[in-house]
Amino acid sequence: YTGLLLSDLVAIDFWYTWLLPVLFVVSSIATGLAAILVVDALMAKHVQKTARSLWAVGAVLGVFECIVVAVFLVGRFMFSEAARASCEMLLFGDLAAFFWVGVVACGLIGPLLVHILATKVRGTALILVSSAGVLAGGFFVRYCIVNAALFTPMTLGGFA
């Protein structure tokens with residue numbers, strides 16, 4: 001709902017795209033799945049078959065979320081000066097640490113690396129670490145997207 005609401009705001013070019021609801025939905029599904037995996041890992045004595053299936057789905061969602069984030073940023077970077085300034089704030093500016101550490105490292109790359117490690121080593125700890133990263137990343141996706149918004153000057157009849 002939030003992604004759909006924000007994507008309809010014409011005055012903020014960074015949000016004004018159909019990709020924003022897609023990003024928020026994918027991130028929401030990933031964080032919801034991570035929360036389920038945390039509860040399951042803490043409650044069950046052994047990882048169940050269903051949890052293993054959900055774990056695999058989490059890896060696929062992680063890859064898809066990486067693609068959506070990249071396409072979103074490239075699209076916004078090319079859309080307008082205001083949207084480009086928002087992207088630059090995320091990639092190089094005030095929000096860069098939150099984006100690179102919170103979104104990219106903790107939320108995307110870290111969990112995917114843990115999934116790769118889990119092909120060699122099994123354990124509840126890996127599920128907990130990966131899920132914690134996804135949950136933190138989900139928070140930082142929203143934090144970064146909301147805080148990177150810059151208003152686009154609106155003109156009326158050619159006058160600013």
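Ser86 counts as buried, at 0% relative accessibility, where buried means under 20% relative accessible area, exposed over 50% and partly exposed in between (1.4 Å probe, protein chains only). This is a predicted model, in which local features need pLDDT of at least 70 and side-chain atom pairs count only at pLDDT 80 or more, while totals for chains, interfaces and linings use all residues. Residues are numbered from 1 along each chain as its sequence is written, and side-chain values use heavy atoms, with hydrogens and water left out.

**The overall picture**

- The protein has six helices and zero strands, with helices (H or I, at least four residues) and strands (E, at least two) taken as DSSP runs numbered from the N terminus.
- Reading from the N terminus, the elements go α-α-α-α-α-α.
- Along the principal axes, the C-alpha atoms fill a box of roughly 65 × 30 × 20 Å.
- Of the protein's 160 residues, 43% count as buried.
- Among contacts (heavy atoms within 4.5 Å) with a separation of 6 or more, 72% come from residues 24 or more positions apart.

**Ser86, in α4**

- Ser86 sits in helix α4, which covers residues 81–91.
- Its side chain reaches the backbone oxygen of Ala148 at 2.6 Å.
- Leaving aside neighbours within four places in sequence, Ser86 is in contact with Phe14, Ala148, Ala149 and Leu150.

- Ser80 belongs to the loop between α3 (49–79) and α4, and it is buried, with a relative accessible area of 17%.
- The side chains of Ser80 and Asp13 make a polar contact (2.6 Å); that term means a pair of N or O atoms within 3.5 Å, where within protein one must be able to donate a hydrogen and the other to accept it, and residues adjacent in sequence count only if both atoms are side-chain atoms.
- Ser80 and Asp13 are 67 residues apart along the chain, yet their C-alpha atoms are separated by 7.0 Å.
- A polar atom of the Ser80 side chain also lies 3.2 Å from the backbone nitrogen of Ala83.

**Ser27, in α2**

- Ser27 has its place in helix α2 (residues 19–43) and is buried, with a relative accessible area of 1%.
- The side chains of Ser27 and Arg142 are joined by a polar contact of 2.7 Å.
- Not counting residues up to four places away in sequence, Ser27 touches Glu65, Gly138, Val141 and Arg142.

**The bent helix α5**

- Helix α5 (residues 96–117) has 22 residues, but its end C-alpha atoms are only 27 Å apart, short of the 32 Å a straight helix would reach at 1.5 Å a residue; the expected span is 1.5 Å times one less than the number of residues.
- At Ala105, α5 bends by about 45 degrees, the bend being the angle between axes fitted to the seven residues ending there and the seven starting there.
- Buried residues of α5 include Ala96, Phe99, Gly102, Val103, Val104, Gly107 and Pro111.

**Where α4 meets α5**

- α4 and α5 pack at an angle of about 65 degrees, with their axes 5 Å apart; axes are lines fitted to C-alpha atoms, for helices over the stretch in contact, and angles run from 0 to 180 degrees between N-to-C directions.
- Met89, Leu90 and Leu91 of α4 make the contact with Ala96, Phe99 and Trp100 of α5.
- By class, that contact has six nonpolar, no polar and no charged residues, with Ala, Val, Leu, Ile, Met, Phe, Trp, Tyr, Cys and Pro counted as nonpolar, Asp, Glu, Lys and Arg as charged, and the others, Gly among them, as polar.
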